[in-house]
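The sequence and structure come next.

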Amino acid sequence: MGQPEAVQSIRDAVSHNRLAHALLLTGPSGIGKLAFAHAIAQYINCLSPKDGDSCGTCSSCVKIQKGIHPDIRFILPIISKTEGGKRFLTDDYFDSFRQPFFADPYFSMGQWQQILGGDSKQLMISVHEIRELKRSIYLKAFEAKYKVVIVWNVEKINTEGSNAFLKLLEEPPDQTMFILTCSDPSLLLPTINSRCQRLALRRIDRDLVRQYLMEKKGADEGRATELAAVSEGSIGTASDMLQENSQALGQLYINWLRATYSGDYQKITEEVEKIYKESKEAQKQFLHVSMQKLRDSLLFNLGMGERSLAMPDEQVFHSRFSQFVSPDKVERIAGEMEESLRHISGNANPQMVFTSLSLKMYGILRGS
Ligand SMILES: [Zn+2]
């Protein structure tokens, strides 16, 4: 995870029995604070820790890794709302959180916000959440050595919630550990700050960021290197930028495809110009994104639209466009795109490559 000092300090605290009941993990967003908090919860509850780490295979580890341990609780910033007399709390959103977080330890606040569909100001931890926590936290643990409450971005607690939470920290239940993460300590009440043992996590090494983007996010080498350089050691930031970029390229693809399908040479020229004015790396990524989107349309054509990972607004496009594709056409177009990718990598003139590709696609799409 690339946080050797922090890992060592947790090991030392555990082996000397000095682990505080409230730990505050600080550091910029996107460096894996939440995953680190989760790893601590697993470590202190592991039934057979080895070499200063959790075993990963005992019943406790397995449940924690799946996010189904009854004594490990998350408090997440959510859109606080009441519907039909029901107050929504973290538990009501937990299923939407579990899958992306456990798939990607650097799951970011930006991605969470996108799932919830609110803006960053709306996401908060309300006093209702803390009151609910208070009701259950003094009960005995179901099975764990330590009950653990992980609070993601504790600076998102509103003032009323902070005061209630402070009382909990002042009268901590037995065998309970609070692990709070915070990306911006200046927003945190000093009283909460002073009740916690603070542990600063570091920015991630540029090479690790680059490797992560390539291995886990499918970024090509050029793009990964570029984003690793500008994201200041934050995998979350780099992933967000990668996603924004692919969304922009996705829109470019849709416009280009519409022009191509229309067969209007003027429109095709205009769209192709937008593509070849991008950097060479972006042109390559554009072709990768295009192949991905084309397959999304095919999924809809085959009646398997639910398998598509496209965003809802894009799904509308795919479901409409799907009537113009077939497995055979998609295979042929994908082949032409692969060919274009080779030409672009081999320094061919991008204007010619994309114009020629557009015309071939027109032929395939309009042919029977
Ligand atoms: Zn274990």
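## Helices H13 and H16

In this predicted model, Gln 283, Phe 286 and Leu 287 of helix H13 are in contact with Pro 350, Phe 354 and Leu 357 of helix H16. Sorted by class, the residues of this contact are 5 nonpolar and 1 polar, with no charged residues.

H13 covers residues 280-301 and H16 covers residues 350-366. Their axes lie 12 Å apart, and the packing angle is about 15°. Angles under 35 degrees count as roughly parallel, so H13 is roughly parallel to H16. The crossing of H13 past H16 is left-handed.

## Helices H11 and H16

H16 also packs against helix H11, which spans residues 235-262. Here the angle is about 65° and the axes are 8 Å apart. H11 passes H16 in a right-handed crossing.

On the H11 side, the contact is made by Trp 256, Leu 257, Thr 260, Tyr 261 and Ser 262. On the H16 side are Leu 357, Ser 358, Met 361, Tyr 362, Leu 365 and Arg 366. This contact of H11 with H16 holds 7 nonpolar, 3 polar and 1 charged residues.

## Helices H1 and H2

Which residues of H1 meet H2? They are Ala 6, Val 7, Ile 10, Arg 11 and Val 14, and their partners in H2 are Phe 36, Ile 40, Tyr 43 and Ile 44. By class, the contact of H1 with H2 has 8 nonpolar residues, no polar ones and 1 charged residue.

The axes of H1 and H2 come within 12 Å and cross at roughly 30°. The two helices are therefore roughly parallel to each other. H1 passes H2 in a right-handed crossing.

In soluble globular proteins, nonpolar side chains tend to be buried together. The largest nonpolar core in this model has 48 residues, and Phe 97 and Trp 112 have the most contacts inside it. Helix H2, residues 33-45, gives the most to this core, with 8 residues.

Beyond its neighbours within four places in sequence, Phe 97 is in contact with Leu 34, Phe 74, Leu 76, Phe 107, Trp 112 and Trp 152. A second, separate core has 31 residues, among them Tyr 261, Val 272, Phe 354 and Ile 364.

Is Gln 285 buried or exposed? Gln 285, in helix H13, has a relative accessible area of 10%, so it is buried; the cut-off for buried is under 20%. Leaving aside neighbours within four places in sequence, Gln 285 touches Asp 220, Arg 223, Leu 242, Asn 245, Ser 246 and Leu 249.

Gln 42 belongs to helix H2 and is also buried, with a relative accessible area of 7%. Not counting residues up to four places away in sequence, Gln 42 is in contact with Ser 54, Gly 56, Cys 61, Ile 64 and Gln 65.

Ser 340 sits in helix H15, residues 327-345. Its relative accessibility is 5%, so Ser 340 counts as buried. Apart from neighbours within four places in sequence, Ser 340 is in contact with Leu 287, Val 353 and Leu 357. Ser 340 and Val 353 are 13 residues apart in sequence, with 6.2 Å between their C-alpha atoms.

## Positive phi in two loops

Most residues other than glycine have a negative phi. Asn 17 is not a glycine, yet its phi is positive, at about 60°. Asn 17 lies in the loop between helix H1 (4-15) and strand E1 (22-26). At 69% relative accessibility, Asn 17 counts as exposed.

Glu 232 likewise has a positive phi, near 50°. The loop between helix H10 (221-230) and H11 holds Glu 232. With a relative accessibility of 56%, Glu 232 is exposed too.

Methods:
Residues are numbered from 1 along each chain as its sequence is written. This is a predicted model: local features need pLDDT of at least 70, side-chain atom pairs count only at pLDDT 80 or more; totals for chains, interfaces and linings use all residues. Side-chain values use heavy atoms; hydrogens and water are left out. Axes are lines fitted to C-alpha atoms, for helices over the stretch in contact, and angles run from 0 to 180 degrees between N-to-C directions. Helices (H or I, at least four residues) and strands (E, at least two) are DSSP runs, numbered from the N terminus. Angles under 35 degrees count as roughly parallel, over 145 as roughly antiparallel, 65 to 115 as roughly perpendicular and the rest as oblique. A crossing is left-handed if the near helix is turned anticlockwise from the far one by less than a right angle, and right-handed if clockwise. Contact means heavy atoms within 4.5 Å. Ala, Val, Leu, Ile, Met, Phe, Trp, Tyr, Cys and Pro count as nonpolar, Asp, Glu, Lys and Arg as charged, and the others, Gly among them, as polar. A nonpolar core is a set of buried Ala, Val, Leu, Ile, Met, Phe, Trp, Tyr and Cys residues joined through side-chain atoms within 4.5 Å. Buried means under 20% relative accessible area, exposed over 50%, partly exposed in between (1.4 Å probe, protein chains only).
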